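Me: I would like to learn how to read a structure like this one. Please show it to me, and then I will ask about its features.

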Amino acid sequence: MPDLSSDTRTETMFVVDLPVGTPVLTLEGEMPVEHLLPEDRIITRAGSVLLTDIASDEVVAPDLLRVSARALGHDRPDEDMLLPAGQPILIRDWRARALFGAMQATVPLKRLVDGQYIRPEPVERIRMIRLTLPRASVIYAGTLEVATLAIPVAQTA
């Protein structure tokens, strides 16, 4: 017989992890990720969403990739950027058609590593900022379209 004494349900958090210094597009304009506050409005491909939470963590030996300026199209990004290897990004160019047979696709950045324009970037430690949004979204980090990760979180009532 199932134990009904504890009511556990799973909710989903939608997060983006970005290195300090990464610009994020908000209703107030582009701001460094570390300057954002809960309740700031983040611009997404579908409008804007309220930032529900923000957290900071010092990460040792993170798995980061350097995306060279214009590696993903004209001004995409407009300057070199560091992003986590597992960070999903939205691609809307020949890569989406060639790799996925679609006009656009969301893909972990590590799937696009070519060793020259998108390559591993060894870093001893870095401060990462986690943005939590109320729903799955694609935000603008610099001039890249970055998708949220869905993380299940067990909730006990």
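Me: How many helices and strands are there in the protein?

Reply: Helices (H or I, at least four residues) and strands (E, at least two) are DSSP runs, numbered from the N terminus. Here the protein has 1 helix and 15 strands. This is a predicted model, in which local features need pLDDT of at least 70 and side-chain atom pairs count only at pLDDT 80 or more, while totals for chains, interfaces and linings use all residues. Residues are numbered from 1 along each chain as its sequence is written, and side-chain values use heavy atoms, with hydrogens and water left out.

Me: What percentage of the residues is buried?

Reply: A residue is buried under 20% relative accessible area, exposed over 50%, and partly exposed in between (1.4 Å probe, protein chains only). Of the 157 residues in the protein, 39% are buried.

Me: Among contacts between residues at least 6 apart in sequence, what share joins residues at least 24 apart?

Reply: A contact means heavy atoms within 4.5 Å. The share in this protein is 61%.

Me: How many salt bridges does the structure hold?

Reply: A salt bridge is a side-chain nitrogen of Lys or Arg within 4 Å of a carboxyl oxygen of Asp or Glu. The structure holds 8 of them. One of these joins the side chains of arginine 45 and glutamate 145, at 2.9 Å from N to O. Arginine 45 sits in the loop between strand 4 (41–44) and strand 5 (47–50), and glutamate 145 in strand 14 (residues 144–147), so this pair ties together parts that are 100 residues apart in sequence.

Me: Is glutamate 145 buried or exposed?

Reply: Glutamate 145 is buried, at a relative accessible area of 2%.

Me: Which arginine forms a salt bridge with aspartate 80?

Reply: That is arginine 66, and the closest N and O atoms are 3.8 Å apart. Arginine 66 belongs to strand 7 (residues 64–67), and aspartate 80 to the loop between strand 7 and strand 8 (81–84), 14 residues apart. Arginine 66 is buried, with 19% relative accessible area, whereas aspartate 80 is partly exposed at 37%.

Me: Where does arginine 92 lie?

Reply: Arginine 92 lies in the loop between strand 9 (88–91) and helix 1 (94–100), 53 residues from glutamate 145 in strand 14. The side chains of these two residues meet in a salt bridge (2.9 Å, N to O). Salt bridges that share partners join Arg45, Arg76, Arg92 and Glu145 into one network.
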